Amino acid sequence: MVNRGDLLAFADDMLILTNSQAEMKQAIQELDGLNEVWNLRLNKAKSQVLTDDNIPDIAGIPCANHVKYLGVPVHLDHKEQRDKCVASIKRNLGHLKWKLRKVDLEIKETLTCVLARSILVYTGTPMVAAGLWKKEDIDRLEAQLFREVNSLPNVIANKSIMNVACSMRNAWEIIQGLAQRANL
């Protein structure tokens with residue numbers, strides 16, 4: 001499984017990418033085999049298989065059409081995927097704005113902008129690595145977030161916003177590098 005490059009792991013969270021039910025079943029069996037050698041146990045109650053197949057489970061792990069990996073929603077429907085990620089980013093920004101409500105406006109805007117980009121990188125990297133999002137998606141989201149953070153009107157073109165917002169590296173450059181390192 002690891003040699004094929006279809007395993008992403010962070011601490012005790014894993015994302016396994018397969019092309020069929022048989023491959024997923026084999027991956028689950030390989031993970032179950034780690035219990036004897038390394039005393040590592042796959043918690044099937046906390047695991048899910050993301051699939052559009054109409055089956056209840058694979059090797060005892062329930063199937064669903066949407067899951068979360070490291071807090072990032074992953075959905076089979078691309079529009080639903082994007083909408084859930086945008087909602088997650090906005091929710092996090094809302095929390096930050098509320099916590100910074102008594103801070104100087106300039107500091108608040110700067111921190112909110114930085115957090116928006118960081119959340120976009122965190123959320124966008126697995127989406128790009130999985131081939132669900134492209135450069136245009138990241139650029140559009142980054143412009144949308146910058147517009148919202150700075151309360152800019154819709155009449156300003158995304159390209160103009162990106163020219164101002166990306167005086168350094170844009171989110172796509174960061175995400176693309178991270179996604180490539182994921183070796184998917």
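Lys44 is partly exposed, with a relative accessible area of 27%, where buried means under 20%, exposed over 50% and partly exposed in between (1.4 Å probe, protein chains only). The side chain of Lys44 forms a salt bridge with that of Asp32, at 3.5 Å from N to O; the term denotes a side-chain nitrogen of Lys or Arg within 4 Å of a carboxyl oxygen of Asp or Glu. This is a predicted model, in which local features need pLDDT of at least 70 and side-chain atom pairs count only at pLDDT 80 or more, while totals for chains, interfaces and linings use all residues. Residues are numbered from 1 along each chain as its sequence is written, and side-chain values use heavy atoms, with hydrogens and water left out.

**Overall architecture**

- The chain holds six helices and seven strands, which are DSSP runs numbered from the N terminus (helices: H or I, at least four residues; strands: E, at least two).
- In sequence order the elements follow the pattern β-β-α-β-β-β-β-β-α-α-α-α-α.
- The C-alpha trace spans about 55 × 35 × 30 Å along its principal axes.
- Of the 184 residues, 33% count as buried.
- Contact means heavy atoms within 4.5 Å; among contacts between residues at least 6 apart in sequence, 50% join residues at least 24 apart.

**Surface and charge**

- The chain exposes about 11,700 Å², of which carbon and sulfur atoms supply 53%; accessible areas come from the Shrake-Rupley method with a 1.4 Å probe, and for residues only the protein chains shown count as cover.
- Val37, Trp38 and Leu40 make a nonpolar surface patch of about 380 Å². Patches consist of residues with over 30% relative accessible area and no salt bridge, with like charges joined within 9 Å and nonpolar side chains (Val, Leu, Ile, Met, Phe, Trp, Tyr) within 5 Å.
- Trp38 belongs to helix α1 (residues 21-38) and is exposed, at a relative accessible area of 61%.
- The mean positions of the 24 positive and 22 negative charges are 7 Å apart. Lys and Arg count as positive and Asp and Glu as negative, without His and the chain ends; each charge is placed at NZ of Lys, CZ of Arg, CG of Asp or CD of Glu.

**Salt bridges**

- The count comes to six salt bridges.
- In the pair described above, Lys44 lies in the loop between α1 and β3 and Asp32 in helix α1, so the pair ties together parts that are 12 residues apart in sequence. Asp32 is partly exposed, at 32%.
- Asp83 forms a salt bridge with Lys79, with the closest N and O atoms 2.8 Å apart. These residues are four apart in helix α2 (residues 78-99), separated by about one helical turn; Asp83 is partly exposed at 30%, whereas Lys79 is exposed at 59%.
- Glu80 and Lys84 also meet in a salt bridge, at 3.5 Å from N to O, and both lie in helix α2, four residues apart.

**Backbone and a strand residue**

- Most residues other than glycine have a negative phi.
- Asn39, which is not a glycine, has a positive phi of about 60°; Asn39 lies in the loop between α1 and β3 (49-50) and is exposed at 65%.
- Ala59, also not a glycine, has a positive phi of about 50°; Ala59 lies in the loop between β4 (57-58) and β5 and is partly exposed at 27%.
- Ala64 is found in strand β5 (residues 61-64) and counts as buried at 17% relative accessibility. Leaving aside neighbours within four places in sequence, Ala64 contacts Gln48, Val49, Leu50 and Thr51.
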